[in-house]
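Dear colleague,

My notes on its pockets follow.

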Amino acid sequence: MKLYHSPKAPNPERVVHFLRVKGKLDAVEVSELSIMEQEHRTAEYRELSPFAQVPVLVLDDGTCITESRAICTYFEGLYPEPNLMGETPKEKALIEMWDRRVELMFFIQFATWFRNAHPAMAPLEQPQSPEAAAKGERNAKSFVKRLDAHLGEHEFVAADRFSIADITLYVACGFCAVMRWFPHKELENLGAWRERMKALGFAG
Ligand SMILES: N[C@@H](CCC(=O)N[C@@H](CS)C(=O)NCC(=O)O)C(=O)O
């Protein structure tokens, strides 16, 4: 299997953390490409990823799987232990619910802010929109406050156990540094959750 990655890009990072926790990083050959050099926009790469994004997982039979969560679902099926997506129907639903909330209401909102506000993103996001940036920033900041309140009452994001939802939040929080925003330093419960993640082997 071959995983297409781009250094520091958060969506492939999500997959890499997921695989690392499973102890299966060596199951894939990692191929790096540069988003800033626009290596993901070549005709050859679009054969693998029609929307010109990383990550892509290419199976040995040539099947291409994009979407970081779908790739994680594939690995969860291949390598069930440790379970990261829920054991029971209830756990599976709660973990998916929170993972989608973190992805849609935080990760993507933050990405919208970053892509529309940061000068380095201008070549990729044409045209950049200050209105979209402001809306993304507002949404991301509002969600993170609600999440902080949730983490005041729960050790982990979903179903009171470590799961993919924590990995998604960890990656999203780290990504915020590109706008010099450090939500886990501003919000106490998020900061305490991050310490728990450190204890699980996630670098500070
Ligand atoms: N929903 C997709 C999003 C993938 C995505 O947006 N990847 C970014 C890197 S983190 C990308 O390839 N960006 C290229 C571009 O914007 O041109 C997933 O979860 O994999």
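Trp 98, Arg 101, Met 105, Asn 139, Ser 142, Phe 143, Arg 146 and Leu 147 line the second largest pocket of this predicted model. Helix 4 (89-117) and helix 5 (130-151) each give two or more residues to that lining, with the largest share, five residues, coming from helix 5. By class, the lining has four nonpolar, two polar and two charged residues. The space in this pocket is about 160 Å³.

The largest pocket holds about 1,200 Å³ and is lined by 44 residues, with Ala 9, Pro 10, Asn 11, Ile 35 and Phe 175 nearest its centre. Helix 4 supplies the largest share of this lining, six residues; helix 1 (10-22) and helix 6 (164-175) each supply at least two. The lining comprises 24 nonpolar, twelve polar and eight charged residues.

Terms: a pocket is an open set of points on a 1 Å grid over the protein atoms alone, where a 1.4 Å probe fits, with protein on both sides within 12 Å along at least five of seven lines; lining residues have an atom within 4 Å of a point. A volume is the space filled by probe spheres set on the points, which are joined across faces, edges and corners. Helices are DSSP runs (H or I, at least four residues), numbered from the N terminus. Nonpolar means Ala, Val, Leu, Ile, Met, Phe, Trp, Tyr, Cys and Pro; charged means Asp, Glu, Lys and Arg; the others, including Gly, are polar.

Residues are numbered from 1 along each chain as its sequence is written, and side-chain values use heavy atoms, without hydrogens and water. Local features need pLDDT of at least 70 and side-chain atom pairs count only at pLDDT 80 or more, while totals for chains, interfaces and linings use all residues.

With kind regards
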